[in-house]
Protein chains: 2
Amino acid sequence: MIENKNQSKTDLSQLGEFGLIQHLTKNLKIQQESTTKGIGDDAAVLNFKDKKTVISTDLLIEGVHFDLAYMPLKHLGYKAVVANISDICAMNATPTQITVSLAVSNRFPLEALEELYEGITLASNFYKVDVIGGDTTSSQKGLIISITAIGVADEEELIYRDGAQDTDLLVVTGDIGAAYMGLQILEREKQVYLVNPNSQPDLEAYEYLIERQLKPEARTDIKKLLEELDVKPTSMIDISDGLSSEIMHLCTQSKVGCNLYEDKLPLDPQFINTCEEFNIDSTTIAINGGEDYELLFTIKMGDFEKIKGNPNLSIIGHMTQESEGVHIVTRANTKIPLKAQGWNSLKESEE
Amino acid sequence: MIENKNQSKTDLSQLGEFGLIQHLTKNLKIQQESTTKGIGDDAAVLNFKDKKTVISTDLLIEGVHFDLAYMPLKHLGYKAVVANISDICAMNATPTQITVSLAVSNRFPLEALEELYEGITLASNFYKVDVIGGDTTSSQKGLIISITAIGVADEEELIYRDGAQDTDLLVVTGDIGAAYMGLQILEREKQVYLVNPNSQPDLEAYEYLIERQLKPEARTDIKKLLEELDVKPTSMIDISDGLSSEIMHLCTQSKVGCNLYEDKLPLDPQFINTCEEFNIDSTTIAINGGEDYELLFTIKMGDFEKIKGNPNLSIIGHMTQESEGVHIVTRANTKIPLKAQGWNSLKESEE
């Protein structure tokens with residue numbers, strides 16, 4: 001299994017809080033013109049001129065949102081940044097900066113935080129977002145990551161959740177469900193490892209699923225693609241909690257209903273094969289599994305021709321009047337009410 | 001002692017994550033013109049026109065940053081907002097928005113979070129900052145609060161830590177050390193309470209100190225005061241970790257030295273009396289105790305007449321050439337090197 005092979009251990013208290021922040025952030029470069037002042041003062045200073053500022057924030061808790069038994073720290077750092085950037089993409093804005101706050105118990109040596117920051121740095125370089133601030137402190141238990149992402153957009157570019165009309169088409173980017181099945185694979189391997197630490201798992205058949213779980217990407221490319229296609233979605237959200245949960249958000253806020261078509265769901269062959277192997281229904285996973293970080297949006301019916309056949313985009317349903325409700329239309333052509341069974345962290349709490 | 005007398009308990013999982021956010025934030029009103037879109041989408045949208053955006057973030061952990069045995073949740077909510085707003089004030093900017101993320105173990109019923117949010121709402125109304133987003137999730141242990149504060153300023157108004165010159169005067173607002181002594185009083189009462197839960201403490205003699213600890217205020221008034229006095233500080237920081245630690249930050253970043261005068265430290269009579277009662281040196285506490293949230297800044301020597309005698313401002317020292325180092329000049333006129341003994345959370349970690 002994935003193991004931390006780093007044997008070197010430096011106690012965090014040797015550096016102190018300010019020394020630690022300086023040490024961890026020393027490889028970060030400012031890349032955005034809008035970053036006037038980054039780390040090092042009471043606050044960062046940004047200059048967005050006449051554009052709108054977009055802000056989103058997330059809190060990730062060890063044992064609730066991630067399990068370090070199969071999530072390497074570098075991947076965790078990368079994924080934490082991606083999850084936040086994805087929220088900025090879901091506004092059709094461009095991510096520009098993040099702040100990163102960490103709390104760690106003394107179980108974590110400096111080398112562990114360096115690994116985490118490697119992933120954060122990798123993502124910040126890849127997505128060209130500046131790390132402009134943060135806080136590093138101790139926790140009573142485990143690792144806690146709080147990220148705030150900042151982005152920028154012209155007013156007319158922004159897309160909210162409440163703009164869908166009852167005749168719009170429902171579109172999703174990429175494919176869905178794979179991140180959840182990747183988690184199932186990793187969970188299974190963790191159990192195998194606990195029984196036999198010498199087992200050498202062959203994970204080749206699940207490579208895509210595991211990558212979707214451990215190293216997801218934010219769809220920063222979609223804004224440009226939609227511009228090129230000359231399509232402006234009427235509403236948009238990212239898929240973090242699961243497709244059905246996100247559809248419910250769009251419908252509730254836009255006051256519309258929806259018909260989702262089971263046979264239109266974009267599923268990767270590896271995903272389908274693994275669902276069969278696990279003997280679970282792929283549609284159930286595709287609509288309820290989270291963490292795909294794809295974008296879900298609605299477009300005017302008249303824009304159908306513009307996106308038809310685009311390999312990045314799948315039309316998976318259409319909006320209806322609110323009174324018609326929210327349904328999935330199965331392959332057998334029966335209509336089943338859709339329920340948001342998205343992940344609810346509050347059900348998993350214990351102390 | 002301060003006790004949670006709220007006996008009603010509603011399990012958080014009954015509301016779910018989205019229900020919980022809606023419930024907690026329903027009393028919040030948008031007050032800032034710059035808040036285009038608050039809670040309810042993937043991200044909030046802000047419009048600062050041609051002004052600069054200022055951002056600061058903080059992570060507060062139960063058992064590390066606060067002890068619920070003597071910190072009522074409502075006060076905690078208020079103080080968490082104040083601590084973040086104070087960072088915006090330290091840039092000479094005006095706080096306008098905050099995001100609030102919470103993680104709680106299932107030890108906390110809904111009523112506890114309502115109490116916490118009461119304090120957050122009180123502070124957001126008092127300081128006219130909009131709560132524009134956040135995240136609510138479960139924790140493995142205790143309460144975790146992550147706040148990001150956003151503010152606005154014209155470029156020429158902003159004051160950084162690195163602008164002090166070697167002939168500048170060092171000025172502090174209000175008085176210092178009281179918040180730390182308030183904590184000592186509360187710690188003592190907690191011990192008394194543990195031995196005898198029926199004891200009725202008489203805290204009247206410590207009222208100011210306890211208020212400074214439990215309900216500090218951010219100096220949002222200083223920006224206006226300085227404008228009226230026609231003084232623009234050359235550098236500025238807020239006192240969260242302790243005066244000596246903050247002086248070191250200004251000196252390091254501005255590449256100057258400093259002479260701090262013991263007899264100029266602004267101390268409240270209640271603070272001095274209590275230090276005597278505890279038999280500890282008031283100067284040591286005044287320069288090392290944190291959480292006062294006063295502002296520390298440097299001004300040009302020529303501005304001396306403009307601030308002289310102002311009851312809100314005390315001149316406590318002057319900057320020197322970097323090579324002269326950072327010292328406190330005692331009442332006995334001896335020079336002692338100043339060391340930053342500010343609070344370091346990383347030394348207190350355990351798991």
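1. Asp42(A) and Arg161(B) form a salt bridge across the two chains of this predicted model, and the closest N and O atoms of the pair lie 3.2 Å apart. The count of such salt bridges between chain B and chain A is four. The polar side of the contact also includes 20 residue pairs in polar contact between chain B and chain A, with both residues of each pair at pLDDT 80 or more.

2. As for the elements that supply the contact, strand 3 (residues 52-61) of chain B gives the most to the side of chain B that touches chain A, contributing nine residues. Sorted by class, that side of chain B holds 26 nonpolar, 29 polar and 20 charged residues.

3. On the extent of the contact, 75 residues come from chain B and 77 residues from chain A. The size of an interface is often given as the accessible area lost when the parts come together. Here the area buried between chain B and chain A is about 6,200 Å², and carbon and sulfur atoms give 51% of this area.

4. How the two copies are related can be stated through their superposition: a rotation of 180°, with 0.0 Å of shift along its axis, places chain B on chain A with an RMSD of 0.0 Å. The two copies are therefore related as by a two-fold rotation axis. In chain B, the C-alpha nearest this axis belongs to Asp50(B), at 2.8 Å from it. The same surface serves both copies, in that 100% of the contact residues of chain B recur in chain A.

5. Within chain B, strand 11 (residues 313-321) deserves a separate look. Strand 7 (residues 169-173) of chain B runs antiparallel to strand 11 of chain B, and five bridges join them. Strand 9 (residues 256-261) of chain B likewise pairs with strand 11 of chain B in the antiparallel sense, over five bridges.

6. Which residue of strand 11 of chain B stands opposite Leu169(B)? The residue is His318(B), and His318(B) is also the bridge partner of Asn259(B).

How values were computed: Residues numbered from 1 in each chain as written. Chains lettered and ligands numbered in written order. Predicted model: local features only at pLDDT ≥ 70, side-chain atom pairs only at ≥ 80, totals over all residues. Heavy atoms only, no water. Contact = heavy atoms within 4.5 Å. Buried area = accessible area lost by both parts, 1.4 Å probe. Salt bridge = Lys/Arg side-chain N within 4 Å of Asp/Glu carboxyl O. Polar contact = N/O pair within 3.5 Å; in protein donor to acceptor, adjacent residues only side chain to side chain. Helix = DSSP H or I, 4+ residues; strand = E, 2+ residues; numbered from the N terminus. Nonpolar A, V, L, I, M, F, W, Y, C, P; charged D, E, K, R; others polar. Least-squares fit on C-alpha atoms with pLDDT ≥ 70 in both. Pairing = 2+ DSSP bridges.
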